[in-house]
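Here is a short briefing to read alongside the model. Have the sequence and the 3D view open as you go.

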Amino acid sequence: MMILITLAVGFTLIVYLSSAAGGFVSLTNSNNNQAQLALQQYIVPMGSYISNGNLYFIFNSGPMGAQINSVYINSTLINTCSILFNKTSYSLSHYIPPDAVAVIKCTNVKSVTSLVTVSYSGGEVYAMANPS
Amino acid sequence: MQWQIHRKKSQSAIVGTIIFIIAAFIIAGVMFSLINYNQNVLTTQKNSIQVQQMASLMEKDIFAYYNYTNNNIYINVSGMVYPYSYYISGISVILKNGSYITFDSYSGGSNSLQIIVKGSNNKITTYNSLPVSLAPNSSALIIISNVKSDPIGISVSVANGKAIASIPVENVQQIISALRGTGVIYVVPPVSKIITNKYFNVSFLITEVNILNKTVFTPANSPYNYTWSVSFDLNTKANSGITGTGTSVPATVTHKTVTFYTTISFSNGNNVTFIKIPSGYYYYYNVSNLYFWITINNHKYYNFTCYANPSNGIIFVNQNTNISITYNCYQTS
């Protein structure tokens, strides 16, 4: 009887530990894959300027494409931004496919030199925008 | 009784051993997972560094400048010593009137975009859409036509499938005026572009002189005289502290006599080659206008001025380079 109890406890312990170890491996691999993807998802600024109260931020979406989430001007979140890609305007957030040149347009922006921060799926990117 | 106690002890030892072995396997599995995790993290970091290095090398390797004339933007993309191919994935132009122009692979073909790629074998290929692949030691001329306003910011994005870089396109007029002011090339080549102990030849070859109608030149057998020079700025070499051998500057040819009257050919003795130019640097060159006249019975008739195209420019020397010059002629008196 004692042997059966010992075996049952041991078996339960083994199943639990195996499950925990498997979950740990799965989680670490998933995190690692996400980190790798984030590293490859990056955008490069190609130009930024302010004209007639509008901010324009031109960028290339890089080899993996990227999800554009939000735009900050001088560290302030701007809610008047849209993203123009392939002759179509989209609201944020929006995914841009690989190797695409897209333009973020924000309206009602002061015509002064500004620091633009774009938050996307791979991190953040910064650019200075001058009035043209 | 004693036998039973001994049996129970044996059974307990066996069970304990089994549990110990299984526990050891689990611990080994967890350890393996941790090692695997660490390896993955290291691989991720390594990939990240590689991608950053690729992007950095691409930025340093490619030099681009533009010229804006007659509503056309001419962008020259050169360099590409980096031994892997790139492709131009995007172009953006910010205009003075507040608008912008962009091209990418999603734009499709465009009549206002022309990309002329010159391969290392001098083979010319023309495209009107992106992406356009660039092999090492090739160059590209991008022509954007029907541009209604002055460009104030141009950028070309290049990629290699893993990394991407944005190349700022410089204004060639601003570079040339800076060069003329000091005689020093301000465009400093990055370390990756310097190929030590390598020298190449740079040749200036006049390929065509668009001479005026031959009926102007009577009598037909009168000789023409002309003067011509080409200069090639070797100051970069001197100022960068690199020693090397160069030819005298400028090379000048004056008062040659030619007998053709429909076409003046400068191929004999007028192909000026500067030898042993240190590689890895940008050089500024200037080709003079061509002046020629007809002499009849020791009297000077018919003066002509021919304007060189291109009359100046910037080249990056990393191989033997041949620059073709075309002259467009006008009668000046």
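What follows covers the contact between the chains, the nonpolar core and some backbone details.

This is a predicted model, in which local features need pLDDT of at least 70, side-chain atom pairs count only at pLDDT 80 or more, and totals for chains, interfaces and linings use all residues. Residues are numbered from 1 along each chain as its sequence is written, while chains are lettered from A and ligands numbered from 1 in the order in which they are written.

**Where the chains meet**

- Chain B places 38 residues in contact with 34 residues of chain A; contact here means that the C-beta atoms of two residues, placed from the backbone, lie within 7 Å.
- On the chain B side, at least two residues each come from helix H1 (2-61), strand S3 (86-95), strand S4 (100-104), strand S9 (151-159) and strand S10 (164-171).
- Helices (H or I, at least four residues) and strands (E, at least two) are DSSP runs, numbered from the N terminus.
- H1(B) gives the most to this side of chain B, with 15 residues.
- By residue type, the side of chain B that touches chain A holds 17 nonpolar, 18 polar and 3 charged residues. Nonpolar covers Ala, Val, Leu, Ile, Met, Phe, Trp, Tyr, Cys and Pro, charged covers Asp, Glu, Lys and Arg, and the others, Gly among them, are polar.

**The nonpolar core**

- A nonpolar core is a set of buried Ala, Val, Leu, Ile, Met, Phe, Trp, Tyr and Cys residues joined through C-beta atoms within 7 Å. The largest one has 82 residues, and those with the most contacts inside it include A:Leu55, A:Phe57 and B:Val93.
- S3(B) supplies the largest share of this core, 6 residues.
- Beyond its neighbours within four places in sequence, B:Val93 is in contact with B:Ile73, B:Tyr100, B:Ile101, B:Ile144, B:Pro151 and B:Ile154.

**Backbone details to look at**

- In chain A, the peptide bond from A:Leu92 to A:Ser93 is cis, with omega near 0°; A:Ser93 sits in the loop between strand S6 (88-91) and strand S7 (94-96).
- In chain B, B:Leu130 and B:Pro131 are joined by a cis peptide bond with omega about 5°, and B:Pro131 belongs to the loop between strand S6 (124-127) and strand S7 (132-134).
- A:Asn52 is not a glycine, yet its phi is positive, near 50°. A:Asn52 lies in the loop between strand S1 (44-51) and strand S2 (54-60) of chain A.
- A:Asn52 is exposed, with 10 other C-beta atoms within 10 Å. The cut-offs are 20 or more such atoms for buried, 12 or fewer for exposed and partly exposed in between, with C-beta atoms placed from the backbone.
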